[in-house]
Amino acid sequence: NISRNQDGSLDVETTISQQELQDVISASIADPLIKELTVSLQSGYVLVSGTRERLNDSSKTDTLNFRLDLGVSNGQLTSSISDAQLDSVPIEQSRVDNWNETIANRIAILGQKNPNSTLKSVVITPSAVTMIWNVAK
């Protein structure tokens, strides 16, 4: 979807599917012990869950859960993970901060089709993540 604005710039809509988002989040977390990562699109946010094999005993697993909110700040995509837990134990903030940065960067690369564009909005629905980018003349 492309529309022209009064100033001559274009608004371009890009859509990311649940599977594409799941692939991006899995690659962003980059933990080979995390298996069966699942992304569930909700209205306004994303629920992420998975299992993580224990380093010292791969026959035992822990449950990974977190909520992901996406937003826009100064034309850039933001990622905000909350309630990140591994078997009900909070995940250390430094790891969550790293995931936030990597997830936002990878989703932006996937959605941004033009380097001269800035993000205007991001909407999460149960069927997809939709981003509106403004492309300067």
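Which backbone nitrogen does the side chain of D31 reach at 2.8 Å? It turns out to be that of L33. This comes from a predicted model, where local features need pLDDT of at least 70, side-chain atom pairs count only at pLDDT 80 or more, and totals for chains, interfaces and linings use all residues. Residues are numbered from 1 along each chain as its sequence is written, and side-chain values use heavy atoms, with hydrogens and water left out.

D31 sits in the loop between α1 (18-29) and β3; helices (H or I, at least four residues) and strands (E, at least two) are DSSP runs, numbered from the N terminus. With 16% relative accessibility, D31 counts as buried, meaning under 20% relative accessible area with a 1.4 Å probe and protein chains only. Its side chain also makes a polar contact with the side chain of R52, at 2.8 Å (a pair of N or O atoms within 3.5 Å, one able to donate a hydrogen and the other to accept it; residues adjacent in sequence count only if both atoms are side-chain atoms).

Strands β3 (residues 34-41) and β4 (residues 46-54) pair in the antiparallel sense over six bridges, pairing being called when DSSP finds at least two bridges between two strands. T38 has S49 as its bridge partner in β4. Four residues lie between the strands, and G44 takes a positive phi near 100 degrees.

I124, in strand β8 (residues 117-124), counts as buried at 6% relative accessibility. Leaving aside neighbours within four places in sequence, I124 is in contact (heavy atoms within 4.5 Å) with residues including L41, G44 and V46.

Notes. Buried means under 20% relative accessible area, exposed over 50%, partly exposed in between (1.4 Å probe, protein chains only).
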